Amino acid sequence: MSNLSVKVRFAPSPTGELHIGGVRTALFNWLFAKNQGGKFYLRIEDTDAERSKEKYIDQILESLEWLGLHWDQPLFYQSQRLDDYKSRSKDLLNTGRVYRCFCTKDDLQSARDAGHYIYPGTCRNLTDDAIKVRLNQGQNFTFRFRVLEGETIYKDLIYGQIHVDHKELDDFIVVRSDGSPTYNYVNVIDDHDMGITHVIRGEDHVSNTPKQILIYKALGYDEPTFAHLPMILGHDKKRLSKRHGAPGVQNFRDEGYLPESLINYLALLGWNPGTEEEILSPNELIEKFDLAQVQKKGAVWDEKKLHWVSGQHVMNKSTGFLLDAIREIHPDWGKGSDISFLISILELLKVRAKSLTEFIRQSEYFFYAPKEYDRAGLKKWWKNESVNERITAFLEHMDKVPNWRKEDLETSFKSFAESIEMGLGKIIMPVRMAVCGSPNGPSIFDILELLGRDTTIGRIETALEKLPN
RNA sequence: GGCCCGUUCGUCUAGUGGUCAGGACGCCGCCCUCUCAAGGCAGUAACACGGGUUCGACUCCCGUACGGGCUACCA
């Protein structure tokens, strides 16, 4: 099944940090390459000198690395290839596939304002003499691609056959008046030179594809196979973009999502494995990935489902792994505590925390006495002075716990509850409030065992002083 | 404006002429239970609309509506 000749690329422009839409494109390229046993390249499209920033390059690479979307070498930089475009432009000029256009931006804009969306062909058939005159006058010019009559048809792996009448394509610019190549042109040359076999990119490029195919043909290159991915949408069904609420990858890392959670969720956004499985590891995704199963319509980004996916992955992780992962985003977590203590905490919180940051938040009372007590919890479990009486009595009872282990603690709680003929919860919950400050969390016996006798007693005494007020 | 693409529960999706239209997230209820989770069970909820084609359409065709994309000397 493996096809060693498959080569794909992800080509971000470093004008901002990598966001979720970009990751999705990268991911599908990567999954396809890995599934096919091919290569996954990265090409930094940094020819927009104005907006491209070194720091974004670093950020993009870092994000991809964090996600585990490792790329094959070499790493391509478009800016380093500028010379390669020039000679080919000359060839195209010589063969007449491209011609000089002396129209100015203003001319074109006013034509467009007047409702003429398509380039009128003003310079299409200039005579050699006319060209010479303008050249001598020092007029600036662009290179326009001469679109001939006909139709371009291509087969998109996701959308199927798409055909466009050349009447819809005007003679588009291929080289700007400053000599720099435009996107559609550069892309073709880069992809060809890199030996790209499958161009997998966002649906926003569907309309560009016929133009690019024309360039491939003019240059005498074989065209690659195209596959266009549907967009990721916001809740308003509008395409997610940097300016329209697309979160950067860094956010997810900071929020404590595991890379494989993000990858899992993103893979399911617009694709499905053909089974009803939802939780898949990167390797499983690679194994099952198939462009034929990719959706045509855009998918709305749903953070709630990501959160659920994340919780599922967290549950499957070993506590050792989780400890390392937490310390990566929060090096001080549990500092000064025994590793075994930390591991025990993680064990207890594993089914409860859905992200790394939730471990940090939910574990606070294992390290510090509560600074304040949850209001709703108090209202329900520490209503009045009668609770103080009950808990004070229980405190004495606790002195008799032989070994401070959860089994003995449980026995002790139960016998006390029986002795005063009250439900277990009437003891447990106030104690929980006193010790943790919150009504939620793992079994109280587990918590108390970990915290130890002195800490437990101390916190209960403090609570008795402060509460119920 | 023109062209291209799309349209199944609120969301992600399965479905390829005959299904009680399935699953997942969310929400709701119950069970479990010291709480919160996790887990189990049940529930809520969808084929955009109108015409065809057909014995029979979510599935095929044509329109309409709605949404998205492109239409730059951006990428």
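How many aromatic pairs does the structure hold? The structure holds 17 aromatic pairs, counted where rings of Phe, Tyr and Trp (its six-membered ring) have centres within 6.5 Å. This is a predicted model, in which local features need pLDDT of at least 70 and side-chain atom pairs count only at pLDDT 80 or more, while totals for chains, interfaces and linings use all residues. Residues are numbered from 1 along each chain as its sequence is written, and side-chain values use heavy atoms, with hydrogens and water left out.

**View 1. The aromatic pair F28 and F289.** The ring centres of F28 and F289 lie 5.3 Å apart with planes at 70°, so the pair is edge-to-face (planes over 60 degrees apart; under 30 is stacked and the rest tilted). The pair links distant parts of the chain, 261 residues apart, with F28 in helix α1 (residues 20–36) and F289 in the loop between α10 (282–288) and β12 (299–300); helices (H or I, at least four residues) and strands (E, at least two) are DSSP runs, numbered from the N terminus. F28 has 0% relative accessibility and therefore counts as buried (under 20% relative accessible area, with exposed over 50%, partly exposed in between, 1.4 Å probe, protein chains only), and F289, at 4%, also counts as buried.

**View 2. The aromatic pair Y41 and F76.** With ring centres 5.7 Å apart and planes at 85°, Y41 and F76 are likewise an edge-to-face pair. Y41 belongs to strand β2 (residues 39–44) and F76 to strand β3 (residues 76–77), so the pair ties together parts 35 residues apart in sequence. Both Y41 and F76 are buried.

**View 3. An aromatic cluster.** F252, Y257, Y265 and W301 form one aromatic cluster.

How values were computed: Chains lettered and ligands numbered in written order.
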